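Please look through the structure below before reading my comments. I have written them as numbered points, so that each can be checked in turn.

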Amino acid sequence: MRSVFSTYHPVINFGFFCAVIGIGIFVRHPVFLTIGFVAALIYALMLGGKGTLKFSVCFVLPMILVFTIVNPMVNHRGETVLFYTKYSQITMESTVYGLLSGFMLAAVLLWFSCYNRIMTSDKFVYIFGRIMPAVSLIFSMVMRFVPNFKMQIVKISNAQKCIGRDISSGSRLQRARHGVKILSIMLTWALENAIDSADSMRSRGYGLKDRSTFSIYRFDTRDKIAAGLLSMMTAVVVFGAAAGRCSVEFYPSIVMADFDCMTTIICAAYMVLCFFPIAVEVKEVAVWKYSQSKI
């Protein structure tokens with residue numbers, strides 16, 4: 001689906017993902033991890049649909065399970081022993097830490113999948129083109145390299161298949177030769193494409209000090225409201241975490257900061273931050289259906 005949040009200014013998009021990913025990595029409180037994971041999963045499903053659902057079931061959930069199982073097997077710290085194995089002991093603290101680490105990594109992966117759909121290469125170049133022209137161009141090329149690589153290798157494979165050189169036909173040796181041929185063509189295309197892109201950007205004066213730029217992005221009133229709201233919510237969470245309101249100690253025993261009124265406010269601010277793009281999408285759908293009902 002086309003995301004309404006992607007129509008916001010690139011600074012809003014980039015700042016949002018920096019905030020939710022950064023907080024999700026450094027704050028290990030289970031309530032915050034749950035909020036971040038649920039929001040990332042819902043938004044990824046809204047953007048990706050069945051593809052994201054398959055990715056979540058086949059990769060994300062097994063990854064959480066692996067972290068939950070492996071961490072207590074290699075980390076025996078903790079004072080609450082659940083049971084003993086032949087070579088070690090399994091503690092509740094290490095199990096909980098592995099589970100929360102799995103949720104943290106899963107949330108980060110889901111947020112990055114949303115980032116790839118919202119933050120296009122032209123948005124990234126727009127933000128950092130004047131500050132770091134070379135770095136921004138290289139980063140944008142790297143981000144689009146994998147999808148371009150996949151599309152091009154499909155074209156090359158189909159072209160080779162028309163002349164009987166596909167990897168699915170012939171003996172094992174012939175299929176290996178066909179695969180090497182396709183890979184050689186693919187690498188040649190990638191190198192030529194990189195050289196052409198570099199020559200094209202150089203001929204356009206990219207990176208020069210006095211070069212003028214054109215942009216379709218405008219920071220309007222909607223973006224100002226979103227920037228103020230997201231900045232306020234991020235500041236509340238960051239200051240709360242710095243004050244120790246979100247701290248968690250896992251070893252030797254699990255000790256969390258008291259869940260008082262201030263912690264509740266910080267959690268609410270983080271929830272507003274994470275669910276902001278979801279709320280934007282839901283609001284747009286509701287407005288559209290209401291408009292249709294009036295016709």
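The points below take up a strand pairing and then a group of aromatic rings.

1. Please keep in mind throughout that this is a predicted model.

2. Strand β1, which covers residues 81-84, pairs with strand β2, residues 89-91, in the antiparallel sense, and three bridges hold the pairing.

3. The aromatic pairs in the model come to 14. One of them is formed by Phe5 and Tyr8, whose ring centres lie 5.7 Å apart with the planes at 40°, and because that angle falls between the cut-offs of 30 and 60 degrees, the pair counts as tilted. Phe5 is buried, its relative accessible area being 0%, and Tyr8 is likewise counted as buried, at 8% relative accessibility.

4. A further pair is that of Phe112 and Tyr115, with ring centres 6.4 Å apart and planes at 70°, so this one is edge-to-face. Both residues belong to helix α4 (residues 92-118), where they are three residues apart and therefore separated by about one helical turn. Phe112 is partly exposed, with 38% relative accessible area, whereas Tyr115 is buried, with 8%.

5. Which residue lies over the face of Tyr8? Arg222 does, and its distance from the ring centre is 4.0 Å.

How values were computed. Residues numbered from 1 in each chain as written. Predicted model: local features only at pLDDT ≥ 70, side-chain atom pairs only at ≥ 80, totals over all residues. Heavy atoms only, no water. Pairing = 2+ DSSP bridges. Helix = DSSP H or I, 4+ residues; strand = E, 2+ residues; numbered from the N terminus. Phe/Tyr/Trp six-rings, centres within 6.5 Å; stacked < 30°, edge-to-face > 60°. Buried < 20%, exposed > 50% of the residue type's maximum accessible area, 1.4 Å probe, protein only. Lys NZ or Arg CZ within 6 Å of the ring centre and 35° of its normal.
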